[in-house]
Amino acid sequence: MNWNCFLDLLKVFPERLKRHIDMEIKNSVIYYKANETKKEFKLVDFEQRINNQLIFDNKENILYSDFYYECIVEEKGSNFSRRRLEELKIEDTENKINYSFQKPSFQIMIESINNVENKSRFATRPWVMRRYDEDKEPSFEDIIRTTLRFPLTLCITSEEKMTIKEYKEYANAFLFNIAYNMSLVFQPQTNLEDIYPLFIRRRTKRINSQHYIEPPKRKYIIDLTNQYHMGLSSNDPFIEFICYYHIIEHFYESVYKEDMINKVQAEISSPRFSVRRTKDIAKVIEIVQKKLKNNNAEYEVNEQEALALTLKKFVPIEELRDDLMDYDDTLVAYYRENQVCFSKGDEIIFNNLADEKIYSKIAARIYKTRNSLVHSKSNDWRTKEKTAYRPFKDEKALSKEIPLMRIIAETIIVASSELL
């Protein structure tokens, strides 16, 4: 990145922040205020912070050379002190490698920010301004780092040449050691969009005041509400998806059996049916055999078919579409235009609400994704077809499926309830 690109990049900063630090650009000099002191950031300052020997991998947001490696990491599920992490320095004397968590370098910050396609997420992001210690003289990158709440980076230095593949292997090994010994999980962030999501209007609450809560009028199946509470309380989309799926799955056997009975009843009650015609009896037997397992008296529930039947019984399509639009008005278009990238779950087109094939499409999307989550063994055929869920890497894509699953689960819980 050159100086002019950097000046253009500053336009994505929140306007309120620029006003707060009195930032302005005149004659290619950046003027700003820190601790009530006017400061300057010039071309020479920029050049001192850019090492042209380092390569930036824009696919994974990694800065590296033969002797240096830096990647952005985000802590998952803990609030461990950043200062204590920055004090952690591990030296491997045998392999002549040093590991450390550090504040991100100026170069990886601006390169990774510039790498984000939709930079408006930074302009609308809430920011934090702090007063720095008088004796520390905060630099311009200190302000960027703090106001954007930029994560730490994992830095590895080597006295001997290493390839990027080797650096990634050593980084993975080090992060596992940290997790194993300290119960701290750090995940390399290949996409800043995961850290800085766009602020989109979403329905998180149905009411804005506790005064509008009514006493309950219906009783719900406790097993279903337990699953719902677990899913809603989790920050892990994997757990959320599985909990909401269990709510749908609760009715598989009953709806499957009900469907078989209805088909048999429809066949034998038809005026075309005769007990004296062998082919009519054979047709009834064929209906039953399709539902039986290994020709014994147990039902082999075709789960994807049962899923579609459950949706058809409990979930009105128009209501589902409207609830999705109310939650996030981009979701209907997203489900129409995108498969689930890791499971190849089908697109859902909500245009023709009278077409009952839409239930099969929704069921296929959900069931393929469920299989991808629970069948991820390395020797599984699904892995060979590249449909296994990859923790962290596919988390963003899975999160997009949660509104669909949550709304379906809520609809089923209510539809299967009874009056108190």
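Q: Where does Lys361 lie?
A: Lys361 is part of helix 16, residues 357-374. Helices (H or I, at least four residues) and strands (E, at least two) are DSSP runs, numbered from the N terminus. The model is predicted, so local features need pLDDT of at least 70, side-chain atom pairs count only at pLDDT 80 or more, and totals for chains, interfaces and linings use all residues. Residues are numbered from 1 along each chain as its sequence is written, and side-chain values use heavy atoms, with hydrogens and water left out.

Q: Why is Lys361 called partly exposed?
A: The relative accessibility of Lys361 is 41%. Buried means under 20% relative accessible area, exposed means over 50%, and partly exposed is in between (1.4 Å probe, protein chains only). Lys361 therefore counts as partly exposed. Its C-alpha atom is separated by 8.4 Å from that of Ala308, 53 residues apart along the chain.

Q: What makes Ile317 count as buried or exposed?
A: Ile317 has 6% relative accessibility, and therefore counts as buried. Ile317 belongs to helix 14, residues 317-327. Between the C-alpha atoms of Ile317 and Glu356 there are 9.0 Å, although the two are 39 residues apart along the chain.

Q: How do you know that helix 7 is largely enclosed by the rest of the structure?
A: Helix 7 covers residues 140-147, and six of its eight residues are buried, so the helix is largely enclosed. The buried residues are Phe140, Glu141, Ile143, Ile144, Arg145 and Thr147. Just after helix 7 comes Arg149, with a positive phi of about 50°.

Q: What makes the contact of Arg49 and Glu141 a salt bridge?
A: The N to O distance between their side chains is 2.8 Å. A salt bridge is a side-chain nitrogen of Lys or Arg within 4 Å of a carboxyl oxygen of Asp or Glu. The contact of Arg49 and Glu141 meets that limit and is a salt bridge. Arg49 lies in helix 3 (residues 43-49) and Glu141 in helix 7, so the pair ties together parts that are 92 residues apart in sequence. Arg49 is partly exposed at 25% relative accessibility, whereas Glu141 is buried at 13%. The structure holds 18 salt bridges.

Q: How do you know that Asp394 and Arg390 form a salt bridge?
A: Their closest N and O atoms are 2.9 Å apart, and Asp394 forms a salt bridge with Arg390. Asp394 has 2% relative accessibility and so counts as buried, while Arg390, at 42%, counts as partly exposed.

Q: Why are Glu318 and Arg321 said to be separated by about one helical turn?
A: Glu318 and Arg321 are three residues apart in helix 14, which means about one helical turn. An α-helix has 3.6 residues a turn, so residues three or four places apart point the same way. The side chains of Glu318 and Arg321 meet in a salt bridge at 3.9 Å, N to O. Glu318 is partly exposed at 48%, and Arg321 is partly exposed at 23%.

Q: Why is helix 9 called roughly antiparallel to helix 10?
A: Helix 9 (residues 222-233) and helix 10 (residues 237-249) pack at about 165°, with axes 8 Å apart. That angle makes helix 9 roughly antiparallel to helix 10. Angles under 35 degrees count as roughly parallel, over 145 as roughly antiparallel, 65 to 115 as roughly perpendicular and the rest as oblique. Axes are lines fitted to C-alpha atoms, for helices over the stretch in contact, and angles run from 0 to 180 degrees between N-to-C directions.

Q: What makes helix 13 oblique to helix 19?
A: Helix 13 (residues 303-314) and helix 19 (residues 402-415) pack at an angle of about 60°, and their axes are 10 Å apart. That angle makes helix 13 oblique to helix 19.

Q: Why is Asp22 called partly exposed?
A: Asp22 has 31% relative accessibility, so Asp22 counts as partly exposed. Asp22 sits in the loop between helix 2 (15-20) and strand 1 (24-26). Its phi is near 55°, a positive value in a residue other than glycine.
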